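Reader: I'd like to go through the labels on this one and hear what backs each of them up. Shall we start?

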Amino acid sequence: MQPFNLEQANLFKQQLGLFNPSDKPSKPTLLSEHYLDFYGLPRAESNGGSTLGTLNDNNRSIFCAAWRPANARATALLVHGYMDHLGLYKHLINFLLSQKIAVVCFDLPGHGLSAGESGHSKNFANYTDTLEQLIEICQQHFPTPLHGLGQSMGGAILLKHLINHSSGTDYPFNTLNLFAPLLYPKAWSTSRIFLPFIKPFKKSIKRVFRPSSYDQEFLDFLRYRDPLQPLSIPITWLVAVEGWVREFEASAGSDFPVNLIQGNADKTLDWEYSLKGFKSKLPNLNLCMIDRANHHMVNEIEPLRSEIFAAINL
């Protein structure tokens, strides 16, 4: 595998046109094929072709990608987790395409190839605003029904969108599948106490690459070979997490039947406490527990990953 470095990533971003799924699939370039190959994503000539491009979100460039297999029976909109980007979701993308489901995904602001300060967010509304744009694109250009899938913070973003949804309009998603959605991080009860005292004195903290999966090859790729991995966590993002926790705790919740897939070996979240919170606000929650699965469920080892994908409700 040829390396993909930051210089190439920046050149690739400069070459990208607008994300326009109504056009023919993107004509491949050397850099676009290099990007797809480096991250193991489907090539432009497979699955009906890929559409790569950017959309404008409050004067920020948001990187988007889509694949549409022939005779697609539905569309999946994927929302990645914190410090992730869509390039890390090859297993889930290929699984959905094998099920004849079109896939639309994007890099959140401050992540991957999208613009924005790395990992920064004042609040999660920053993310749901971008999500709304992608939902509109899916409704206009891709086959129905529309399914939402989110890993970790991506699950939290979909949940925030759900609990903020107005009852006066149709909810856009037919199903929601959340992989280890973010609510209470590990040791959050202690961290949230010290956060107000840390915030005035530190802008960021050093990122520690903890084992979030039992796939060692994936962990090594994140730490040593992926040029799009941030090396620090802005304090502002931790404040945004606290805002999300408070919002969810104060919300009325939703009776939408969310499908939540959680591993009992999750080392990133206080998952047991999080499940209590989810159950109290989501009365029709369907919980699928995966024995021995860690946090980054879409990048778990086989056969755990097959078990995780079999729990998806589409």
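Reader: Where is the place of Arg292?

Author: Arg292 sits in the loop between E10 and H10. Bear in mind that this is a predicted model.

Reader: What makes Arg292 partly exposed?

Author: Its relative accessibility is 48%. Buried means under 20% and exposed means over 50%, with partly exposed in between, so Arg292 counts as partly exposed. Its backbone has something to show too: phi of Arg292 is near 75°, a positive value in a residue other than glycine.

Reader: Why is Asn58 called exposed?

Author: The relative accessible area of Asn58 is 57%. Exposed starts over 50%, so Asn58 is exposed.

Reader: And what is Glu302 called, buried, partly exposed or exposed?

Author: Partly exposed, because its relative accessibility is 43%, and that falls between the cut-offs of 20% and 50%. Glu302 is in the loop between E10 and helix H10 (304-310).

Reader: How do you know that the peptide bond joining Glu302 and Pro303 is cis?

Author: From omega, which is about 5° for that bond. Pro303 is in the loop between E10 and H10. There is also a cis bond from Thr144 to Pro145, with omega near 0°, and Pro145 is in the loop between H4 and E5. Most peptide bonds are trans.

Reader: On to the helices. Why are H4 and H5 called roughly perpendicular?

Author: The axes of H4 (residues 125-141) and H5 (residues 153-163) cross at roughly 75°. Angles of 65 to 115 degrees count as roughly perpendicular, so that is the label for H4 and H5. Their axes come within 10 Å.

Reader: Which residues make the contact between H4 and H5?

Author: On the H4 side they are Ala125, Tyr127, Thr128, Leu131, Glu132 and Ile135. H5 brings Met153, Ile157, Leu158, Lys160 and His161. By class, that contact has 7 nonpolar, 2 polar and 2 charged residues.

Reader: What makes H2 mostly covered?

Author: In H2 (residues 30-38), 7 of the 9 residues are buried. Those are Leu31, Ser32, Glu33, His34, Tyr35, Leu36 and Phe38, and buried asks for under 20% relative accessible area.

Reader: What covers the buried residues of H2?

Author: The cover includes helix H1 (6-15), strand E1 (50-57), strand E2 (60-67) and helix H7 (216-225). Gln15 is found in H1. Leaving aside neighbours within four places in sequence, Gln15 is in contact with Thr29 and Leu31.

Reader: Now the strands. How do you know that E3 is mostly covered?

Author: By the count: 6 of the 6 residues of E3 (residues 74-79) are buried. Ala74, Ala76 and Leu78 point one way, Thr75, Leu77 and Val79 point the other way, and all are buried.

Reader: Which strands pair with E3, and what makes them count as paired?

Author: E4 (residues 101-106) is joined to E3 by 5 bridges, running parallel. E5 (residues 146-151) pairs with E3 in the parallel sense, also over 5 bridges. A pair needs at least two bridges, and 5 meets that for E4 and for E5. Ala74 stands opposite Ile101 in E4, while Ala76 stands opposite His147 in E5.

Reader: How does the chain get from E3 to E4?

Author: The chain crosses through helix H3 (residues 90-98), and this β-α-β crossover is right-handed.

Reader: Which elements make a right-handed β-α-β unit with H9?

Author: E9 and E10 do, with H9 (residues 271-281). E9 (residues 259-263) and E10 (residues 286-290) run parallel and are joined by 5 bridges. In that pairing, Gln262 stands opposite Met289 in E10.

Terms used:
Residues numbered from 1 in each chain as written. Predicted model: local features only at pLDDT ≥ 70, side-chain atom pairs only at ≥ 80, totals over all residues. Heavy atoms only, no water. Axes fitted to C-alpha atoms, helices over the stretch in contact; angles between N-to-C directions. Helix = DSSP H or I, 4+ residues; strand = E, 2+ residues; numbered from the N terminus. Parallel < 35°, antiparallel > 145°, perpendicular 65-115°, else oblique. Contact = heavy atoms within 4.5 Å. Nonpolar A, V, L, I, M, F, W, Y, C, P; charged D, E, K, R; others polar. Right-handed = clockwise from strand over helix to strand, strands pointing away. Buried < 20%, exposed > 50% of the residue type's maximum accessible area, 1.4 Å probe, protein only.
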